[in-house]
Amino acid sequence: MPDMDTETTHTEPAVDEEASLFSTMDLLLFSVIVGFVGKNIIVFYGSQTGTAEEFANRLSKDAQRYGMKGMVADPEEYSMGELSRLSEIKNSLAIFCMATYGEGDPTDNAQDFYDWLQENDDEDLSGLNYTVFGLGNKTYEHYNAMGKYVDKKLEELGATRIFDLGMGDDDGNLEEDFVSWREQFWPAVCEHFGVEASGDESSIRQYELKEHTDINMNKVYTGEIGRLKSFEVQKPPFDSKNPFLAPVTVNRKLNKAGDRHLMHLELDITGSKIRYESGDHVAVFPTNDSALVNKLGQILGVDLDVVISLNNLDEESNKKHPFPCPTTYRTALTHYLDISHPPRTNVLYELAQYASDPKDQENMRKMASSSPEGKALYQSWVLDASRNILAILEDMPSLRPPVDHLCELLPRLQARYYSIASSSKVHPNSIHICAVVVEYKTKTGRTNKGVATNWLKNKLVTDNGHKSTVPMYIRKSQFRLPFKSTNPVIMVGPGTGIAPFMGFIQERGWLKQQGKEVGETVLFFGCRHKNEDYIYQEELEGAEKNGVLTQLNVAFSRDQDHKVYVQHLLTKNKEHVWKLIHTDNAHIYICGCKEHDCGGGGRHDAHPGRRLCEETDDQGTLLTGRLELEPQTWPHFVHIQW
């Protein structure tokens, strides 16, 4: 923004007053621009799946209990160059909830903020108070890279860290990590600013309900992510706030037998101007199972087709609604809210007041506490039992919250990401998805179904004469083939972890067809049974026959008395693998699969490359020096994606 002090002179005695006036006007203008009037805590979030945004909302809400006023901010919507001005607001604090995505990357909405930090080494942030909570996953090489970077960079620019960097591990218990950090964070804030907690632990509503009895239905959201009617009139560019409705042209079952359903889908992107590269992700926006939505309506005794708006009580907030409004409860619970995952502890705490049985109230508040007993109860009764909100309501008959408060508390239903199983060089107008339908029994005897995979399974090419469509967009990835096609590649992908490698294989084949010299292309794939779930068998064996795959190694884990996984095949081929790495500069790609997906590895074998380190002969010893046991220490030529 322009500096309004630049035109003052050095001859007028009233300069100081004028400069002060202009400075005040500057600050007021900045406050109006960022919606920060009357606020002294701003919580920025970098979120890809919604969790960091959810944590940011909780911290902003906490501020009220400490006599402060907070707001949540998406860094993508603000000029972060004005960050230093926050120091001019008394007792101000900037909190950053930053998730790390992929190979140490910022989330989409934090990319501009990350670029700004990198490009502005001379920025002066002295006087800015800050703290950072990072969200990551230890199974990734660059654990919590974004949180660590923001924390370090802000300090380098002169900002004052008022509490230590917090780091949550999604491979462990992210909720517990956050709650433990948060309970130490607020006392540190109180001490720093000399304030005391209000002692008010009652529920604080952020939104008020408005029912629309007479409204033009053309103004009611029916599932659109951003712009109203955007699914009826599609306009590029397409992204997370404006997904493209891609017609489904292929939906076939990949496995020949067995009790699982592995599927291959193809989405048509003709005319969308969408571009992708091998290794990118396709994000799809699923909807919840209508049976779950109807059961929620029945158990809460509400008319799901009432048109409502939830309006922010803070009129100055940029976030006017928790999801697109006006809409119906049915649409909100189907398209916008996550009703399938076990609710976090803050939801239980807020809902406890509506339990008519004192014992239920006590247990819900205990589960939301940081006491060892409470943590254990939440772990066993909610997480281990995989109880979603419907299961909790069914098992707690005294708990019947107002549906509008429940809608306020539930997190947003997020896009799901799949590694693209095709190459744009071969399929420029089509995106392929490989996935396994998730369905499992819980400890309570219920059957839980994966939201996105079951939704995709039912996306038939034609449904009652209409083409099925999938709202989608592309998320760029760093999971890339080597720049030089002559570099060998070694791909390790058990189960549906083979998905990105189908694109890689197609692209290496295309390069050969163009007359390019292509290095060795080696695949290690694993599944349970050759005659059941050897997916893409025809394509893989065809690629080997054509010389695109120079070596195809397949582990059938359950076709013999002893288990055989891809790790065993790596060990068996260790001399050749080491030659490719050590002599020929091969790149290693490891793509894992979720616990429910794996057939040739499994969650307990999360890092197949570790098998290379277990031998003690010459090659094994050398490999131990290059491939450490923890993926965080692996060299640059190892690319990991889970």
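A contact here means heavy atoms within 4.5 Å. This is a predicted model, in which local features need pLDDT of at least 70, side-chain atom pairs count only at pLDDT 80 or more, and totals for chains, interfaces and linings use all residues. Residues are numbered from 1 along each chain as its sequence is written, and side-chain values use heavy atoms, leaving out hydrogens and water.

**Confidence**
- The chain averages a pLDDT of 86, and 86% of the residues score at least 70.
- Residues 1–35 have a pLDDT below 50, and this stretch has 33 contacts in the model beyond near neighbours in sequence.

**The chain as a whole**
- The chain has 19 helices and 25 strands; these are DSSP runs numbered from the N terminus, with helices being H or I of at least four residues and strands being E of at least two.
- Of the 642 residues, 55% are buried, where buried means under 20% relative accessible area, exposed means over 50%, and partly exposed lies in between (1.4 Å probe, protein chains only).
- Of the contacts between residues at least 6 apart in sequence, 76% join residues at least 24 apart.

**Cysteines**
- The structure holds 0 disulfides, a disulfide being a pair of cysteine sulfur atoms within 2.5 Å.
- C325 is in no disulfide, and the nearest cysteine sulfur, that of C407, is 9.2 Å away.
- C325 counts as buried because its relative accessibility is 9%, and C591 counts as buried at 4%.

- Strands β8, β12 and β13 form an open sheet in the order β8-β12-β13, with antiparallel pairing.
- Its edge strands are β8 (207–212) and β13 (327–328), each of which pairs on one side only.
- Strand β12 (residues 307–312) pairs with β13 over 2 bridges in the antiparallel sense; two strands pair if DSSP finds at least two bridges between them.
- In β13, T327 stands opposite I308.

**Helix α14**
- The 15 residues of α14 (residues 499–513) should span 21 Å at 1.5 Å a residue, and its end C-alpha atoms are 22 Å apart, which agrees; the expected span is 1.5 Å times one less than the number of residues.
- Since 11 of its 15 residues are buried, α14 is largely enclosed by the rest of the structure.
- Among these buried residues are F501, M502, E507 and R508.
- After α14 comes G515, which has a positive phi, near 85°.

Notes. pLDDT is the predictor's confidence in each residue, from 0 to 100.
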